[in-house]
Every structure is written in structure tokens, then in C-alpha cells.
Amino acid sequence: MKRLSAFFLVIMVAFAVMIGTQTRAWSWGPSLLFLGAALLATLPAILKENLINWKLLSFAAVTAAWFAFRAAVSPVRELLEADLLLLAAAVGSFIATAVVLRERAAEKIFLWGVASVLAANTAVVAIQIKDPSFNPIFLSRPVTFPSGFFGHYNECANFVVGAGFLLLGSAIFSN
């Protein structure tokens, strides 16, 4: 089940990068559905292997409750929705990734998947250097600088740096 969860996490990352990069919360839906599938696939491992760390769970619950409270008192409804979706995605990603990284084969699936998404995004950036209007998913781009699948080059840079460090750490510290 960990491998299935890793597979769902890879699809979640792909959808998050390719279509969830817009500033509207609805575009996160497909990636959140696959995150939910990844979480469901981790449940047998969590229950069977007793992976619940009660101290960490208590701290995470208090932290999540604080973030949820802060989102709930937001005067802007769209920000409330976006913050709660981000909180759900962060908590879900943490749980699913923590379980996936306990099995070497599932870890490889996840890391190779992230590497593939990073390579695809980099290929789109390379095309956009020559043709700034190129966008493989949506009909238009809001910026002229290369931004890959993302709507803004800064978001693209954040993904490239984050995914790059994740993969670099894995390459350095794995056998």
C-alpha cells in the first residue's frame, strides 16, 4: 500500500504543478483528490505498523487548530478557503510522505516521480525562453518571463529550488 500511496503522491504533485498553479482554489481540486487517495492508501500501514507518535500528533493537532482558528477569523472568505485547503494539503502531505518514506521501493517511486515533474517543468521553461507565449496547459500566460507550468516565474523558481533540494538531499544521503 505504501507504493500505491507513493504513486498517488506523484500524481498529486503532477496535478499541483500542472493545473493547480493558478491563484484560484478550484484548480487545487484534482491534486487534493489524489492526496486523499494517497492518505487512504497509507491507512493500513499506519494502523498495522502502529506509526502514531502521540506527542507529535498532539503538537500537530494544536498547531493545525491554531492555523484553522486564524483562517476562520479571516474577514475574507476566499482567504479562509485557501488557508484551510493549504492546511489540509500540508497535513495530508506530511502524513502520506512520512509513511511512504518508510519503504525503499515507495520512496524511489516518489522521488523519481518528483524528478520527472521537475524535468517536465524545466523542459517547459526551456521552450518558454524561445517562445514566451508557450503554455502547454492553459491558453494564455500572465507573464512574459519563463515560468514553466506556473503562472509566475517566482512560483516556478520556488518549486525548482524546493524539488531540487529534495532530490539533492536524497542523492547525497542515500545509497
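In what follows, Ala, Val, Leu, Ile, Met, Phe, Trp, Tyr, Cys and Pro count as nonpolar, Asp, Glu, Lys and Arg as charged, and the others, Gly among them, as polar. The structure shown above is a predicted model.

With these classes in hand, the second largest pocket can be described. About 560 Å³ of space lies in this pocket. It is lined by 19 residues, and those closest to its centre are Leu56, Leu57, Ala60, Phe94 and Ile95. Sorted by class, the lining of the second largest pocket consists of 16 nonpolar, 2 polar and 1 charged residues. Two helices, α3 (54–72) and α4 (77–100), each contribute at least two residues to this lining.

The aromatic side chains form a further topic. A pair of aromatic rings is described by the distance of the centres and the angle of the planes. The structure contains 6 aromatic pairs. In one of them, Phe7 and Phe8 stand 6.1 Å apart, centre to centre, with 50° between their planes, and the pair is tilted. An edge-to-face arrangement is found for Trp66 and Phe67, with 5.1 Å from centre to centre and 80° between the planes. The labels follow from the angles, because planes over 60 degrees apart count as edge-to-face, planes under 30 degrees apart as stacked, and the rest as tilted.

Ser31 is located in helix α2, which comprises residues 29–48. Its relative accessibility is 6%, so Ser31 counts as buried. A polar atom of the Ser31 side chain lies 2.8 Å from the backbone oxygen of Trp28.

Asn135 is situated in the loop between α5 (104–130) and α6 (153–173). At 17% relative accessibility, Asn135 counts as buried, because the cut-off for that term is under 20%. With residues up to four places away in sequence left aside, Asn135 touches Ser140 and Arg141.

Notes: Residues are numbered from 1 along each chain as its sequence is written. This is a predicted model: local features need pLDDT of at least 70, side-chain atom pairs count only at pLDDT 80 or more; totals for chains, interfaces and linings use all residues. Side-chain values use heavy atoms; hydrogens and water are left out. Rings of Phe, Tyr and Trp (its six-membered ring) pair if their centres lie within 6.5 Å; planes under 30 degrees apart count as stacked, over 60 as edge-to-face and the rest as tilted. Helices (H or I, at least four residues) and strands (E, at least two) are DSSP runs, numbered from the N terminus. Buried means under 20% relative accessible area, exposed over 50%, partly exposed in between (1.4 Å probe, protein chains only). A polar contact is a pair of N or O atoms within 3.5 Å; within protein, one must be able to donate a hydrogen and the other to accept it, and residues adjacent in sequence count only if both atoms are side-chain atoms. Contact means heavy atoms within 4.5 Å. On a 1 Å grid over the protein atoms alone, a cavity is a set of points where a 1.4 Å probe fits but cannot get out, and a pocket is an open set with protein on both sides within 12 Å along at least five of seven lines; lining residues have an atom within 4 Å of a point. Grid points are joined across faces, edges and corners, and a volume is the space filled by probe spheres set on the points.
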